[in-house]
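Q: I would like to learn how to read charged contacts and a metal site in a model like this one. Could you take me through them step by step?

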Amino acid sequence: MIVLGIESTCDETGAALVKDGSQILSNITATSSDIHEKYGGVFPELASRRHIDAIVPVIEEAIKQAGVQSSDIDLIAVARGPGLIGSLLIGMNAAKGLSIGWGKPLVGVNHVEAHLYAAMMGAPRLFPALGLVLSGGHTLMLKIDDVGTYTKLGTTVDDAIGEAFDKVAALLELPYPGGPHVEKLAATGNPNGIPLSAGKVKRSPLDFSFSGLKTGVLYAAQKGGSKADLAASFQETAFQDIVAKAALGLESAGPVQAIYLGGGVCCNQRLRSLFQDRFPSLPIFWPPPHLCVDNAAMIAGLGYFQFIQNPTCAPLDLEVLTRIPIA
Ligand code: KG4
Ligand code: ZN
């Protein structure tokens, strides 16, 4: 079964063709991050306009690179949210148009759930498991009983982890999106050079808070701390907090068989090695970097899984949702 996935939740326009939920035939992404750079974050209206320009060429390129015909496509899967309303509408309407035009079924998938699914594509499914989505828009820890069956353990009460990386990058005068630049600079600094602490949320030990940490970096920067030490200390403090809360999450979830992680921040090598060191006895599944960041292959993959479970076509009034609780 060949699925066309369409992703347009934020500033990436993506289209991918995926066979049977895990064999990626093509995975095309066009980003509008160049236009957001001067704002230090995504400018929603400009992102939507770029999606309009990019969506058709990106889909055409995905079909071309996969070497298939539109008639070979069995299902269209679209990220229906969460995300920016104007951006979501472009992907959704393209998907609906193709569904009508080609007479193919349509399914809407949750972008955050798809980030987790990216870690499961081509990997064994060992459930129950602990799941973490660490991205620019989301910081979420869950217990996974099956694909589609989750219990929320913790989330951020303020900034998402990737957002904190992007804001710290902006105050260190690094380019947007900041995560990879902070990681690179951090490698040259002292992770214990500047005392910082991540937030604890009263009576919610599994929740995250990064806005105070970000302010801590701002104050230390104003005092003239070395940029490399600031980047290293920020990264280390944030990741030690995530690993510590994952350990608490494992206690609260009961026995699990594995950890699955997804989202752009999972590209970070320091994060990966901290997890491997802390949980050596558990299999830990990370998507390859191109599937950590926003992409349409994970949307096609999860769409396939959903359709196999429940082979019904979404109604053509399927709405986009800026927020969707996953559990
Ligand atoms: O998953 P993603 O592409 O988009 C969302 O759904 O939000 O994640 C993008 C986020 C950005 O905040 C970016 O700075 C961060 O992932 N990121 C990183 C790294 N690469 C990307 N953060 C830390 N270290 C990295 N190497
Ligand atoms: Zn994402």
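A: Let us begin with a network of salt bridges, which here links Asp159, Glu163, Lys167 and Lys214; a salt bridge is a side-chain nitrogen of Lys or Arg within 4 Å of a carboxyl oxygen of Asp or Glu. This is a predicted model, in which local features need pLDDT of at least 70 and side-chain atom pairs count only at pLDDT 80 or more, while totals for chains, interfaces and linings use all residues. Residues are numbered from 1 along each chain as its sequence is written, chains are lettered from A and ligands numbered from 1 in the order in which they are written, and side-chain values use heavy atoms, with hydrogens and water left out.

Q: How many salt bridges does the structure hold, and what separates Glu163 and Lys167 in helix α5?

A: The structure holds nine salt bridges. Helices are DSSP runs of H or I with at least four residues, and they are numbered from the N terminus. Glu163 and Lys167 are four residues apart in helix α5 (residues 161-171), and therefore about one helical turn separates them; their side chains meet at 3.2 Å, N to O.

Q: Which parts of the chain does the pair Glu236 and Arg270 link, and is Glu236 buried or exposed?

A: Accessibility is read by class: buried means under 20% relative accessible area, exposed over 50%, and partly exposed in between (1.4 Å probe, protein chains only). In the salt bridge of Glu236 with Arg270, the closest N and O atoms are 2.8 Å apart. This pair links distant parts of the chain, with Glu236 in helix α8 and Arg270 in helix α9 (residues 269-278), 34 residues apart. Glu236 counts as buried at 10% relative accessibility, whereas Arg270 is partly exposed at 30%.

Q: Which residues are the protein donors of the zinc ion (ligand 2), and what arrangement do the four donor atoms make?

A: Donors are N, O and S atoms within 2.8 Å of the metal (3.2 Å for Na, K and Ca), and because water is not among the atoms, sites may look incomplete. Here the protein donors are His111 (NE2), His115 (NE2) and Asp294 (OD), lying 2.0 to 2.1 Å from the zinc ion. Four donors count as tetrahedral if all angles lie between 85 and 135 degrees; the four donor atoms around this zinc ion subtend angles of 96 to 130°, so the arrangement is tetrahedral.

Terms used:
Four donors count as tetrahedral if all angles lie between 85 and 135 degrees; four count as square planar and six as octahedral if opposite donors are over 155 degrees apart and all others between 65 and 115; anything else is irregular. Helices (H or I, at least four residues) and strands (E, at least two) are DSSP runs, numbered from the N terminus.
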